[in-house]
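Hi,

Here is the structure I promised to pass on.

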Amino acid sequence: MPTIEFDQVSKNFAGNTVIKGFDATVADKEFLVLLGPSGCGKSTMLRMIAGLTDISSGELRFDGVAVNDLEPKKRNIAFVFQSYALYPHMSVRANIGFPLVMDNFKWWHHIPLVGGFARRALMKRGDIAGEIDQVAEMLELTDYLDRRPKALSGGQRQRVAVARSLIREPALYLLDEPLSNLDAKLRTQMRAEISALHDRVQKSFVYVTHDQVEAMTMGTRIIVLNDGVVQQYGTPKEIYDRPANTFVARFIGSPPMNLVPVTFTDRGADMFGNTLSFAPPETLGEQAMQLGIRAEKVRVHAAGQDDGQAGYPAQIVTVENLGAETVVGFKFGSEPHDFEVGARASRDLFYAKLVGDVRLEHGQMCTVSFDPGDVLWYSTESGELFDSTQMASS
Amino acid sequence: MIARRRLSTGVRALLALLLTCLAGFPLFWIINTAMTPTTDLFQGQQRLVPDISRTLDVFSVLTTDTPFLGWMANSAVVAFGTTLLSLVMATMAAYALSRYKFVGKGPMGFLFFATQMLPEALLVVPLYSLFAALGLLNQLSGLVLVNTAFAMPVALFILKSAIDNVPYELEESARVDGCSPLSILQVMVVPLVAPSMAAAAVITFFDGWNEYLFATTFIRDRSSWVGSTGLASFIGEFSTPLDTVFSAALVFTIPAIIFFLLMQRKIVSGLTAGSVKG
Amino acid sequence: MTVTTSARTQRATRRRRFSWTPYLFIGLAVLYLLLFAVVPLLKGLDLSFTNTRLLNPTAGKYIGFDNYDHLLGSGAFFKSVVTTLVYTAFTVVGSLALGTVSAFVINRFFPGRILARAVMVMPWAVPTVAVVLVFRWIYNDSTGVANAATAALGLGERGWLTDPSYGMLSVVLATVWKVTPFVMLVVLAALQSVPEDLYEATKIDGADSYSTFKLVVLPFLLPTLRVVALLMTIWSFRRFEIIWLLTGGGPVDVTTTIVIDVYRQAFNNSQLGLAAATGMLGLLLSLIVTAVYFVVEQRANKQNGVNA
């Protein structure tokens with residue numbers, strides 16, 4: 001239902017700015033992912049959407065109507081907490097039914113003691129009981145309805161939390177790292193289930209995570225946040241293919257995008273003593289830039305076996321065989337070094353992701369090459385992407 | 001190693017036996033004295049084994065010759081009244097102190113703590129005139145009111161630290177689901193701090209059940225006396241047989257002990273959750 | 001992304017809304033204490049500047065600081081202060097030591113532990129008046145079991161409640177008996193909150209039981225013990241019933257603490273004004289002790305690098 005508009009939304013907490021002038025418009029039925037490292041303000045953002053945290057300044061609008069002062073209940077939302085926040089003293093049935101019961105509360109039901117009776121009566125009402133059964137069936141919880149949350153496994157608890165958010169059919173689903181407490185296998189499964197859920201209910205989702213895989217696989221739109229500032233807003237593909245700055249470039253992708261320092265001299269673009277066969281369309285007067293290249297776009301050959309294309313000498317430091325692919329860490333340079341294992345060795349490494357099992361070894365000299373078309377250029381100073389189309393328009 | 005452990009278990013058990021005897025002896029002595037004929041008591045012929053066969057006789061004398069059961073009923077009214085009133089106010093106040101930031105929170109917290117320092121003996125005179133003005137002298141409800149002033153802050157401290165330990169997300173979730181603050185308190189907080197509520201209930205109940213100073217100054221009518229004042233009236237008088245006096249003490253003690261033992265497990269866990277530390 | 005002008009933003013800026021909710025929750029309790037504790041306290045303060053007498057309470061006149069002058073110049077008042085401090089020191093140290101030992105004994109398994117724990121906490125549940133009754137009987141000069149025991153051990157008989165050299169001891173023993181279970185329960189709760197993996201970690205590191213105690217148990221215990229000591233101290237300052245009913249302040253005033261003094265001045269000598277002044281000075285003493293506690297606590301926290 002709602003289009004969500006963030007208009008210079010900010011949050012100050014105890015003198016610190018947690019969110020700085022957040023601007024975005026999210027269309028209806030999107031699966032929006034708020035992605036960022038821990039402490040970047042993404043959970044605060046979600047809680048402001050929910051109304052659990054006050055907005056310090058700026059305006060949040062659903063369908064053009066400001067909701068800053070609206071109580072959480074009035075926002076027609078559901079919230080799935082990281083800890084699930086299942087009510088430990090209630091059965092699964094009562095947990096799932098709770099939002100419906102509260103929806104049917106009259107003002108005088110909030111009076112002590114009256115509320116208890118009212119809740120019990122409402123739980124037995126045909127329509128409410130029916131909906132609980134239906135949602136429980138959908139999420140395969142029927143057999144557990146009379147258990148307490150304590151007696152459930154992690155995955156089941158997670159499903160109860162989802163069931164509780166589903167039952168009121170809200171316009172907006174807010175999920176705060178709902179998969180972070182699950183083991184890897186279950187996480188993959190729940191990822192698919194939540195995506196399927198989004199397709200089925202056709203409502204807006206806002207999903208907070210620090211896991212880029214979740215963001216890439218589930219989101220239709222991603223907002224990358226760092227230190228309370230929006231780094232990039234776009235589709236997963238846009239964010240992966242054209243990271244707006246070096247933060248996003250490093251944060252998205254595993255291994256992260258290679259950012260290689262390049263200086264401009266009279267002879268051309270210099271990368272670790274090698275003159276590049278190409279240069280950015282325009283250097284904008286900068287003496288140095290960073291060359292960005294995704295690891296899977298980098299080719300590595302053992303020294304003396306190059307494929308005829310221009311290559312740059314390097315030495316292999318790490319080889320990680322993942323079965324279907326191999327990640328090779330290397331350092332540029334034509335002189336072999338003794339790299340010890342440890343933090344010092346893995347600092348300033350560049351990576352290549354190669355298909356299949358590659359016969360490369362630690363310490364081996366090699367040649368690295370890539371296509372100029374796959375290269376992105378970033379300012380060393382601001383870290384921003386040099387966008388040729390943008391440069392043309394500005 | 002095992003031998004050492006066995007030894008330390010043995011030492012522990014011995015120490016426990018000693019402590020148990022120390023703690024248990026006065027209690028045992030109440031029972032024993034109640035079951036020994038008064039004539040024997042005053043001849044210094046109290047044996048170490050209570051004569052249990054006297055139980056019924058002693059209690060029938062207590063019920064027929066003294067109004068003690070009526071006084072106990074009054075005590076029960078005072079104790080339950082104090083418990084109820086204290087818990088209702090303490091729960092709400094503890095919730096506010098635990099969950100909200102507001103102007104005046106510090107001074108209010110100090111107010112609750114400071115009442116722990118006020119000597120009853122200092123307040124008894126001003127409170128007497130206050131209660132005279134309010135027409136609450138000679139009334140059990142007056143005792144409930146004054147006991148609550150001293151019992152409620154203790155309940156508040158236990159409950160506040162218990163509520164501090166309730167995950168805040170539960171309450172936020174309830175807010176999203178449409179609970180009002182009062183509903184959150186009832187539906188989420190109270191059930192989750194039940195053990196601490198039990199501990200607080202026992203402590204406030206004892207305050208109401210045991211209290212003597214205000215009861216003896218505020219309640220003049222003998223029929224409105226409570227157990228503590230009734231029992232104290234036996235001290236130093238000789239018209240009531242001593243075994244009857246001790247049977248009264250026993251009968252007055254038993255409900256408190258039973259109530260306490262029933263709640264014992266919850267008290268320990270309640271104190272752990274609301275551990276007095278910090 | 002939509003970028004809008006900052007003028008809008010300025011208008012949309014809102015103060016954090018003021019909420020009545022916490023005041024509604026806490027208001028009743030605060031008003032209650034104002035009415036039933038603060039108002040009487042202020043009235044007591046007012047009373048302490050008068051020469052009001054019990055028999056004609058409305059005829060009191062303001063006499064300024066005369067009551068306080070009188071008290072601070074009288075040996076009797078200082079004697080009651082010393083008595084209070086002695087009584088407090090012995091009951092606090094006694095109950096803390098005994099309560100802590102009891103908690104350690106009860107914390108580990110031994111045969112009969114549940115029964116032992118039940119019996120050991122029972123004194124807490126015994127009403128004070130019943131405690132007094134049985135201890136008076138135990139301390140009885142001619143027929144008491146205390147004297148029977150000392151006589152049997154060849155230590156002779158004593159006037160537990162009649163001999164001025166034993167009055168304080170007797171009162172302290174009865175008090176310690178009654179309040180120790182509270183200390184034990186709180187310490188037990190603290191002991192049970194020590195995480196099990198800490199014990200295991202020290203065991204793996206090869207610590208003996210003394211260092212385990214010092215490094216693992218004590219840090220968990222000390223904050224609790226400090227709070228319990230504070231509570232026990234301020235409760236001892238104002239404890240009335242057990243002393244009053246056991247000895248009435250005697251024999252020869254050796255157990256006349258400040259609160260006993262207050263009560264006797266008010267109801268035996270009917271000097272309400274003087275009694276109120278005595279009570280106020282007693283309250284001041286409690287405040288000083290509490291302030292000292294908080295200063296010590298803060299220093300301890302600073303040392304441990306805890307920002308409390």
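I'll go through the interfaces, then a sheet in chain A, then a helix in chain B, and finish with the confidence in chain C.

**Where the chains meet**

Let's begin with chains B and C. Between them, 94 residues of chain B touch 86 residues of chain C. The area buried there comes to about 8000 Å², with carbon and sulfur atoms giving 80% of it. How many salt bridges are there between chain B and chain C? The count is one. C:Arg238 and B:Glu120 bring their side chains together in a salt bridge, at 3.1 Å from N to O.

Now for chains A and B. Here 28 residues of chain A are in contact with 18 residues of chain B. About 1900 Å² is buried between these two chains, and 58% of that lies on carbon and sulfur atoms. If you want to know which residues to look at on the chain A side, go to A:Tyr87, A:His89 and A:His110: they supply 27% of the area that chain A buries against chain B, more than any other three residues. The interface of chain A and chain B also has one salt bridge. A:Arg47 pairs with B:Glu172 in a salt bridge, and their closest N and O atoms are 2.4 Å apart.

**A sheet in chain A**

Chain A has an open sheet of five strands, which run in the order β13-β12-β11-β14-β20 with antiparallel pairing. β13 (274-275) and β20 (376-379) of chain A sit at the edges with a single partner strand each, so one side of each has no neighbour in the sheet. As a reminder, strands of a sheet pair through backbone hydrogen bonds, either parallel or antiparallel.

Strand β11 (residues 258-265) of chain A pairs with strand β12 (residues 268-271) of chain A over three antiparallel bridges, and a hairpin of two residues links β11(A) to β12(A). In that pairing, A:Thr263 has A:Asp270 in β12(A) as its bridge partner.

The next step is from β12(A) to β13(A), which pair in the antiparallel sense over two bridges.

**A helix in chain B**

Is helix α10 of chain B mostly covered or exposed? Mostly covered: 14 of the 17 residues of α10(B) are buried. This helix (residues 194-210) reaches 24 Å from its first C-alpha to its last, close to the 24 Å expected at 1.5 Å a residue.

Chain C has a mean pLDDT of 85, and 93% of its residues reach 70 or more. Confidence in chain C is highest in helix α11 (residues 241-246), at 94, and lowest in helix α1 (residues 6-12), at a mean of 36. Over residues 1-15 of chain C, pLDDT stays under 50, and the model has 23 contacts beyond four places in sequence for that stretch. Where pLDDT is low, the predicted coordinates should not be read in detail.

Cheers

Key
Residues numbered from 1 in each chain as written. Chains lettered and ligands numbered in written order. Heavy atoms only, no water. pLDDT = per-residue confidence, 0-100. Helix = DSSP H or I, 4+ residues; strand = E, 2+ residues; numbered from the N terminus. Contact = heavy atoms within 4.5 Å. Expected span 1.5 Å × (residues − 1). Buried < 20%, exposed > 50% of the residue type's maximum accessible area, 1.4 Å probe, protein only. Pairing = 2+ DSSP bridges. Buried area = accessible area lost by both parts, 1.4 Å probe. Salt bridge = Lys/Arg side-chain N within 4 Å of Asp/Glu carboxyl O.
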